[in-house]
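Here are my notes on this model, point by point. Please keep the coordinates open while you read.

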Amino acid sequence: MNPYYFSSSETPLYGVYHSPAQMGANEKAILLCPPVGQDYIRTHRAMKFLADQLSAGSCHVFRFDYFGTGDSSGDMQDADITVWQNNIREAATELIDNSGITEIDILAVRFGAALAASVDISVKRFFMWDPVFDGRQYVEEIEKLHTDMLHDNDRFSTQQTHDKNDGHVELLGYMYSNNLIDAIRNTCPENMTLTARQYYLVDSADSGSDQLMRHSILNGINKLETINGDMPASWSELQNLEIAYLPFRLINQVKEVILQG
Amino acid sequence: MSSKKSDNVEAIYPLSPLQEGMLYHSISDPSSAVYLEQYICHFRGPFRPECLKAAWENALQRHDVLRTLVMWKRKDKPLQVVRKTVSLPWTEIDLSDRPNADQQAEFNNLIEADRQKGFELTTAPLMRFSVVKFSDQHYGFLLSFHHLILDGWSSAMLYKEVYSDYEKILNGETVQIEKSQPYKRYISWLQAQDKEKAREFWTQQLSGLQAATQLDIYNPQPVTSSNENERFTKIEELLSPELSDNLYALSRKLNITVNSIIQAGWSILLARYTSSNDVVFGTVVSGRPVDLPGSQEMLGLFINTVPVRTQITESSPVASYIKDIHQQQLDIRDYEYSPLVDIHGWSEVPRTQNLFENLVVFEYASDEEEQGFADVAITDEDSFELTNFPLVLGVCPSKQLLFRLYYDLALYDHHAAKQLITHLQTILASFAENPDQILSDVTLLTETEMNTQIVGWNETRQSFDEQNTFVALFEAQAKRQPEKTAVIFNDEKISYQTLSAESDRFANYLSETGVEKGSLVGVCLARSSSMMVALLGILKAGCAYLPLDPDYPAERIHYILDDANVTTVVTDDESANLVQGKSFSLINLSENPAQNNEASYEPNDRAIGGDDIAYVIYTSGSTGKPKGVVVPHRSVANFIQAMAQTPGISESDTLLAVTTLSFDISVLELFLPLCFGATVDIASRETLTDGIKLSQRIEASNITIMQATPATWRLLLSSQWPGKRDLKVLCGGEALSKELADALLSNIGELWNMYGPTETTVWSLTEKISADKDILIGKPIANTSLYVLDPLHRPLPVGVPGELYIAGAGVTKGYLDRDTLTKERFIDNPFSDSHAIMYRTGDLVRYRTDGSIEYLNRLDNQVKIRGYRIELGEIESRLMEIDEIRLAVVSAFRISAEDVRLVGYYQLQDGTSLTVTVIRNHLKKVLPAYMIPQNFMEIKKIPLTPNGKVDRKKLPSPFSNVSLSNSEPPETAMEKKIAAIWQELIGIQNVGRHDNFFELGGHSLLSMQTIIRIRDETGYQLDLRTIAMEDLQTIAHLCEVHNENPDQAQDMEQKGLMNRLKQVFMKPGSRNL
């Protein structure tokens, strides 16, 4: 496991490259695109675990943080969708350079899937894990979660107010610029620019009310397979806000599919 | 112990470390004959078995060690127990009624069966006797004992005493049985020694030694049996009377022991065979302390095995070197009691490796030969003992010295053993002949070997005309068959006549535009038939071509042009942008300059001789900049004509050219066919990078020969290429694996392995590959000589690795404008007048017995990736051009035979930061893609050796999956308990569940204590054999096995895992007692 900074020196991005334990024939390479906001925190451990599992086999793995998130440079309030899309492109290049494999896979989680899908890139396989395709609904969900959180007597002894700065809004502890929120709200990748030879939907039991939108988008995709699993907690329930999402069984299923392909 | 048994106890005390080690080996593999000693002889004359029996009974009463057993079960530490009385295990067998032939056979069976029995160490005595009657006047005698109780010195004294008693008993005399000095006194003496002083001594002796001296000699058929009797054997050689006398004379002259001379000789042998000046081997010392009164007469196990480490200065005189060895032996005496396991721990050699791999043992000789006793003659003496070292030199001192070399057939064959003995004698003879000579002049090889290797195997003379350039050869073909197709490119076919005429015209054009004879002309062209015209035209104009790969970054191309002082570059529309803006004239072939300028078709009148330059090809440079190899026509002419013989080409052949011009092997592809009336079919650039297209191209064309690197052949095979049954395949540029060779052989006509550095003109060795043979690089081509030498340019024996040097017609003129570097690599040939210069390749190879060469490895930091030669130093230099980088190192990791990956390590300047993207972008501007490391790792501080060089071994690998391996803490209660025990016994903190017991610092003796503690504290019934299993040396696996199968010890036997255990015990780490 090799953590390092990539991209420009002015705006370095944090990435972690996992080399495969089994090298030789049948090597694969997969880029893990994380979600953003509180989803990132909840899925961080799962992503690392998946990366470890995959690289214990024959898979090169690259994980990274978008600009303004995690250990990458910048503040989230300065981030925008275009920058994040570029980050995905750069991370993909990093993976290709590290692995020597030109046709990579991408696995993207929640809003990360929407981001990855909107990048003009060709991959071998695209894994969408509980993808968020309806940006408007997604923003409404996290706004509601934020409001409910502020009014939760188990969290705060007195009710908190929604903090709004000029040009920015805080949601679940993350500062989003108004532009970013609007861009997320407008996310609706009916025409995916990402192309893949094979698509996978990793669908946990309760993946929010995005199903209708997802259904219509995914219906347009040939060669879609679904990997189902039980999810320990819903993405949009307040009591699960701080619970790490670590569905071992589903992760193992996904791992098997990735390594066998 | 029952009360009866406890009454029969005279003493209980600990074991010596050497005894503990023997115990460990014996109980971990009870069926092994290691440490079972057998003494066999024949008694001829009026032998009385009952007298001998009585004499031995006296001996048992007299000496405590003969009444000793060992207890270790249910004990924290093993103990030896001396019984007051024991019964003599005595067997008599009468074979006198059997035919003579059967008698010996039965005796041999008895000996073998006895060896298989081993010893039950908890029962005394640890010895037994068999007397076999062949006739009234002829008996056979077998004495078996466990080495744990007696060493050679002791047994010699014991036999003498027994025979003396025999005589007394026979004569009816009274025999006094006085108790001898108890062995316990020695154990007490051992325990009183100053361990700290011993530690200081041995630490200093072994300072800087990082690994055992490994003798690596080619073994064609290693024996893999787990039965030691099948694996271990010996050869004996009696030194000539002359040599023996000379060595004794030398010992007297220098006032030292013969042992010192032999050890000195052995150390030089090791040094020469390993090309190392720092060697270590083991020796067995008597171990009898001078300051322990009576130790010389005590019976027991006193011997110890200690390391002898020498650092050789080649300029030292032989005499002073031998004296130094002698002095070292004297110095060691004060600390020779130190347990080897401790000595090992005080050294820097990891516990998972042996401290040494071979032994020199001066075998004890009594003052007088025991020829007999009481009119009974002792004849046909023999002994059996099994050592766990793969190579042991036993030296038997007598009027004629006798060498016994015991060796493990898994590592050495008879040829190697014989060779070692022979070379040792050569060295010793050289010592004796002139002890004033310096060590570097000491002879290793025999005269016959020198003759064979230097002369016989280099008889490659062919009478090629060195002045007959390959251009002339081409012209001869053009005259002979002008209409024949010379070149094919896509759909275009060019005849010999056309090619000749157009190249003449281009040559004239060059002359007319002022390109002088002898100039270097850059060639930056797309692959095409025009490229052939240009190349031949340049050559005919008396110039040399310098290929510039269009795939190189612009900066690299410009560097080469500047460095080579090129004033003219031939290019085309496709590549012209790469060579713009510099101070040279451009000739753009796309503009048809020769035609437009109406250059003449008349043959160019510039004469080309063998010494004129044909081409200059740039290769990666270790100091950061690429360097140009200057190749003269004579070398190319020899090469081309040699290739026509082997692998061979004829005018009916068509060769598909797939290699870029900037790789010198393209010379074979482009010019060999043209010199012998064949056809060259040039594959386009698009075809070369796509396996499917290349496969289709081969199918579609009528080619009969193709040359490519292993990477390209792999690309084809992975693209489902079906092969071509009549195709002659030439493979070179990097090592050819057996796996690739087999895959190719099943689908093609012939496979040839080609080897050669650019500096000796394309290929210098060839080998036709077949499925049933090893992959070798073969033998020299015509007019080429090879030498396998050590760092001082001394020839090395067959089977021993050394650096390959190449001499002969292929040796080029060196590096363009790099006189110093040229002098370093192109050196005087001390072995030949006709081939006065030889090139040191930097390749590690060895001779096979038939003179073929086997490639082993590189000696330096040059690697091959996909056939491209890369100097890691060049990449490092480029990395350090980045301001933020303070120090950079590039390492190559070999993932598989054809998969080598580069990793760049960098240490930043203080207070700076840098992203990998910036590094990659910089390298992309200055290096070709194949030279850019795939992975980069920032290192806080790049590790350095004490000499200030980069310690590459300590660089972390980016390919280790740290998160799943070491340092994961124990999880379950059982794991935590075992970890706590390991921590306490090994003396470390934080034992992880995947940490290896031996790698943490555990060793064989500790493992016994560990097992006992685990058993007592957890109830886990561990067998000693368990912890030796490779899979069970981590806590995690240990517990897994326990959870799956508590009776795993029994299962192990049933599953036949004992054999595997024996292999584990033969592994390093478990031998050092």
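1. Start with the salt bridge between A:E94 and B:R920. Their side chains meet at 3.2 Å, N to O. This is a predicted model, so the distance is a computed one. The count of salt bridges between chain B and chain A is 4. Residue pairs in polar contact across the two chains number 11, both partners at pLDDT 80 or more.

2. Which elements of chain B give two or more residues to the side that touches chain A? They are β39 (899-908), α28 (916-926) and β40 (935-938). Of these, α28(B) gives the most, with 5 residues. By class, the residues on this side of chain B divide into 9 nonpolar, 7 polar and 4 charged.

3. Now the extent of the interface. On the chain B side, 20 residues are in contact with 26 residues of chain A. The two chains bury about 1,800 Å² between them. Carbon and sulfur atoms account for 44% of that area.

4. Next, chain A as a whole. The chain has 7 helices and 11 strands. It holds 261 residues, and 57% of them are buried. How far apart in sequence are the residues that touch? Take the contacts in chain A between residues at least 6 apart: 73% join residues at least 24 apart.

5. Strand β1 (residues 2-6) of chain A is worth a look. Strand β1(A) runs antiparallel to β2(A), and 5 bridges join the two. One bridge partner pair is A:F6 and A:L13, the latter in β2(A). The two strands form a hairpin with 6 residues between them. In the turn, A:S7 has a positive phi of about 70°. Check that residue when you inspect the backbone.

6. Stay with strand β2 (residues 13-18) of chain A. Is it mostly covered or mostly uncovered? Mostly covered: 5 of its 6 residues are buried. Besides β1(A), to which 5 bridges join it, β2(A) pairs with strand β4 (residues 59-64) of chain A. That pairing is antiparallel, over 4 bridges. Within it, A:V16 stands opposite A:R63 of β4(A).

7. Turn to the sheet in chain B. Nine strands form an open sheet with mixed pairing. The order is β17-β16-β25-β24-β26-β27-β28-β29-β30. Why is one side of β17 (492-495) and of β30 (779-780) left without a neighbour in the sheet? Both stand at the edges, and each has a single partner strand, so one side of each stays without a neighbour. As a reminder, strands of a sheet pair through backbone hydrogen bonds, either parallel or antiparallel.

8. Strand β29 (residues 765-768) of chain B pairs with β30(B) in the antiparallel sense. The pairing has 2 bridges. Here B:T766 stands opposite B:K779 of β30(B).

9. Last, a single residue of chain B. B:S244 lies in helix α9 (residues 241-254). Is B:S244 buried or exposed? Its relative accessible area is 0%, so B:S244 is buried. What does B:S244 touch, leaving out residues up to four places away in sequence? The contacts are B:L239, B:K399, B:Q400 and B:L401.

Key: Residues are numbered from 1 along each chain as its sequence is written. Chains are lettered from A and ligands numbered from 1 in the order in which they are written. Side-chain values use heavy atoms; hydrogens and water are left out. Contact means heavy atoms within 4.5 Å. Buried area is the accessible area (1.4 Å probe) that two parts lose on being put together, summed over both. A polar contact is a pair of N or O atoms within 3.5 Å; within protein, one must be able to donate a hydrogen and the other to accept it, and residues adjacent in sequence count only if both atoms are side-chain atoms. Ala, Val, Leu, Ile, Met, Phe, Trp, Tyr, Cys and Pro count as nonpolar, Asp, Glu, Lys and Arg as charged, and the others, Gly among them, as polar. Buried means under 20% relative accessible area, exposed over 50%, partly exposed in between (1.4 Å probe, protein chains only). Two strands pair if DSSP finds at least two bridges between them.
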